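I opened this notebook to record what I looked up in the structure.

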Amino acid sequence: MELSVFSWIVIFGLLALIVNSIGIFIVYKNKELAEKANTYFMCFAAGLLITVPLVLVFPEAVEKNSAAGSAALVGFLFMFLSNRIIQHKTRQKTLAFGITAVEGIAIHSFIDGLIYTVTFSSSIFTGFLAGMGLVVHEFAEGVITFSVLIEGGFKSRRAFWFAFLMSGLTTPLGALIAYPIISKLNPAVLGLSLGFVVGVLIYLSASHLLPEARGHEKKHSILAFIAGIVLALFIIMTEKA
Ligand SMILES: [Zn+2]
């Protein structure tokens, strides 16, 4: 049975929401366990999210539009600059800290949703692989959002629901809002959007997930990173063979 592109986007949007909620729930119940698991999830996601854009999505983007490289640069700089603004605004560690940081996460999660739509619109295989990496990193996002809110002075029940709204629901929302626009793009413009997504994903992996994971170095964190790379390469090779 062939599923439509739209059904795939809905499935992955919901998966993202579920994994994000699991992250929030586990950190809510058992902070220690969540933080232990989190490093591995982040490293594994980083491995997937560096391999998939470089090996699979980027060549696809360039095939559709030779200017996709510039779009990737724009995507990377967009992430860099928006992170700078969030960092600048979150310097003060008060209640505002929790809220502004979570606003940043909400925008980020919304863009995550957009990535599902862009990659699935290119091909179901591309969407599936990029989506796999994103779904794994949703766990970390749930854990981080909840922790940031607690640090910002939220009570745990409120933090739980606020994290669910801001980092969980925003992802399927981003995917659904992007769909009517992305599905009408011609291949050349879709190529540019894919290029942009490549830049965003490379930033996410190299500058967001990996340094966080390295911050609390665990025994097998490098193995988790390599496992992510190997799994992505394996799936890409089998598809191309
Ligand atoms: Zn994300």
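**Entry 1. Contacts along the chain.** I began with the contacts in the chain that have a separation of 6 or more; residues 24 or more positions apart account for 86% of them. I note here that the model is predicted.

**Entry 2. Secondary structure.** I counted eight helices and zero strands in the chain. Read along the sequence, the pattern is α-α-α-α-α-α-α-α.

**Entry 3. Overall dimensions.** I looked up the radius of gyration of the chain, which is 17 Å. A compact globule of 241 residues would have a value near 18 Å, so the chain agrees with that expectation. Taken along the principal axes, the C-alpha atoms fill a box of roughly 50 × 35 × 35 Å. I also looked up burial: 50% of the 241 residues in the chain are buried.

**Entry 4. How helix pairs are described.** For the next two entries I needed two quantities, because two packed helices are described by the angle between their axes and the distance between the axes.

**Entry 5. Helices α1 and α5.** I took α1, residues 5–29, together with α5. Their axes come within 7 Å and cross at roughly 25°. Angles under 35 degrees count as roughly parallel, and α1 and α5 are therefore roughly parallel to each other. The crossing of α1 past α5 is right-handed. I sorted the residues of this contact by class and recorded 17 nonpolar, eight polar and two charged.

**Entry 6. Helices α5 and α6.** I then followed α5, residues 124–151, to α6, residues 156–182. The axes of α5 and α6 come within 9 Å, and the crossing angle is roughly 135°. The two helices are therefore oblique to each other. I recorded the crossing of α5 and α6 as right-handed. On the α5 side, the residues that meet α6 are Glu141, Gly142, Thr145, Phe146, Leu149 and Ile150. On the α6 side, I listed Ser156, Ala159, Phe160, Phe162, Ala163, Met166, Ser167 and Gly168. The residues of the contact of α5 with α6 divide into eight nonpolar, five polar and one charged.

**Entry 7. Phenylalanine 25.** I located phenylalanine 25 in helix α1. Leucine 77 is 52 residues from phenylalanine 25 along the chain, and their C-alpha atoms are separated by 33 Å.

**Entry 8. Isoleucine 222 and valine 230.** Both residues belong to helix α8: I found isoleucine 222 there, and valine 230 lies in this helix, which spans residues 221–240. Isoleucine 222 has 14 other C-beta atoms within 10 Å and is therefore partly exposed. Valine 230 has 13 C-beta neighbours inside 10 Å and so counts as partly exposed; 12 or fewer would have made a residue exposed.

Valine 230 and glycine 199 are 31 residues apart in sequence, and I recorded 21 Å between their C-alpha atoms.

Methods. Residues numbered from 1 in each chain as written. Predicted model: local features only at pLDDT ≥ 70, side-chain atom pairs only at ≥ 80, totals over all residues. Axes fitted to C-alpha atoms, helices over the stretch in contact; angles between N-to-C directions. Helix = DSSP H or I, 4+ residues; strand = E, 2+ residues; numbered from the N terminus. Parallel < 35°, antiparallel > 145°, perpendicular 65-115°, else oblique. Left-handed = near helix turned anticlockwise from the far one by under 90°. Contact = placed C-beta atoms within 7 Å. Nonpolar A, V, L, I, M, F, W, Y, C, P; charged D, E, K, R; others polar. Rg over C-alpha atoms; globule rule 2.2 N^0.38 Å. Buried ≥ 20, exposed ≤ 12 C-beta atoms within 10 Å, placed from the backbone.
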